Amino acid sequence: MSVLSREIRLAATPRGLPAPTDFTVTETRLPDPVDGQLLLRNHQFLLFAGLRTLLGGAARNTPVPALAPGDTLYGPALAEVIHAPDDSPLRPGDLVTHFLGWREYALAPASQCTPVAPELPDPLAQLSSGGAAFGALTRLTGVREDDIVLVTGAAGGVGSLAGQIARLLGAKRVIGTTSSPRKAGRLVTELGYDDVLTGTDDWGARLADGIDVLVDTVGGAQLAAAVDVARRGARFALVGALSGQLAAEGTGATAPVAFDAYQLVLKGVSLRGYLGVDHPGVEAEWIARFAHWLRAGEIRFPVTRTTGIERAPQALRDLFEGKQFGTAVVELAE
């Protein structure tokens, strides 16, 4: 039952943004499944900016372990069960998600695999990062009828869904930020954003009416600017730290920001960080809502696909350089 599998390993701790030369494609033979393990064949795996922090050699207090040279990368993956023990609730042919991406085949116990929700029209949707946006908006900030919602990093995996979710939850106006006019145009025409700011825009003029809710995936100067335009009682949810993770220098493990804390006091602004592990019921609720919205045609799920595991290191670099739109995945050959 053992199989040959290609996987992506870290060859060297990156200096600055990871480059394809920091990785190797290695062929390895998996041992036979033991002790209730499933043999899984990965169909797709997710690219996510948080890998920069795990690869940089300076990660501290992260929910998942950092990666050292020689380690195989990991992350969310959609897979098919190839072999399962007779007493397993999962059977060959079942589709599951798990956390051993960046390889063609994986061995994992059933307890670490989540069956794909049958109500999803596309199994790949279970790899979306929308659960973080949904959790931030429903558990930390809420959305009220007259709210103006700002989403930073709106063209990413979280942001491309966050604005749509905010609208479906009742927001009056949804505004995003992104790095290029091309992506800004897509956010408006394809995903229903009312307005999108790029790096050259005057935030004070474009956000003269202020904001009530912030879903922040960037931090840095954009978080500071959001404080300046916050309305009384604004609610901020911090979901990511792209300003540090996408920086050309450093390790991606920090995202310093300087803002006027006195404004938070005067305006009564709440500011909270969101981690999915702190809200265990969110993911199941999100998948149910996401499936309904997808089937009703009320939400779009933009995906950038790269085919072939050997192209994964370059696809990750493209993600760091802002060349992807929506959820970014690597698809593996049959």
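This is a predicted model: local features need pLDDT of at least 70, side-chain atom pairs count only at pLDDT 80 or more; totals for chains, interfaces and linings use all residues.
The protein is divided into two parts, domain 1, which comprises 3–128 + 302–331, and domain 2, which comprises 129–278. The C-alpha centres of domain 1 and domain 2 lie 28 Å apart, and the contact between them takes 21 residues from domain 1 and 25 residues from domain 2. About 1700 Å² of area is buried between the two domains, with 56% of it given by carbon and sulfur atoms. On the side of domain 1, R52, S128 and F325 supply 36% of the area buried against domain 2, which is more than any other three residues. Zero salt bridges are found by the rule across the interface of domain 1 and domain 2, whereas ten residue pairs are found in polar contact, both residues being at pLDDT 80 or more.

The largest nonpolar core contains 46 residues, of which L120, I165, L187, Y193, W286 and F290 touch the most other members. Two or more residues are given to this core by each of α2 (130–141), β8 (148–151), α3 (159–168), α4 (181–189), β11 (211–216) and α9 (282–295), and the largest share, seven residues, comes from α9. Because domain 1 and domain 2 both give residues to this core, it lies between them. When residues up to four places away in sequence are not counted, L120 touches A125, Q126, I287, F290, A291, L294 and R295.

Technical notes
Residues are numbered from 1 along each chain as its sequence is written. Side-chain values use heavy atoms; hydrogens and water are left out. A nonpolar core is a set of buried Ala, Val, Leu, Ile, Met, Phe, Trp, Tyr and Cys residues joined through side-chain atoms within 4.5 Å. Buried means under 20% relative accessible area, exposed over 50%, partly exposed in between (1.4 Å probe, protein chains only). Helices (H or I, at least four residues) and strands (E, at least two) are DSSP runs, numbered from the N terminus. Domain bounds come from an automatic or database domain assignment. Contact means heavy atoms within 4.5 Å. Buried area is the accessible area (1.4 Å probe) that two parts lose on being put together, summed over both. A salt bridge is a side-chain nitrogen of Lys or Arg within 4 Å of a carboxyl oxygen of Asp or Glu. A polar contact is a pair of N or O atoms within 3.5 Å; within protein, one must be able to donate a hydrogen and the other to accept it, and residues adjacent in sequence count only if both atoms are side-chain atoms.
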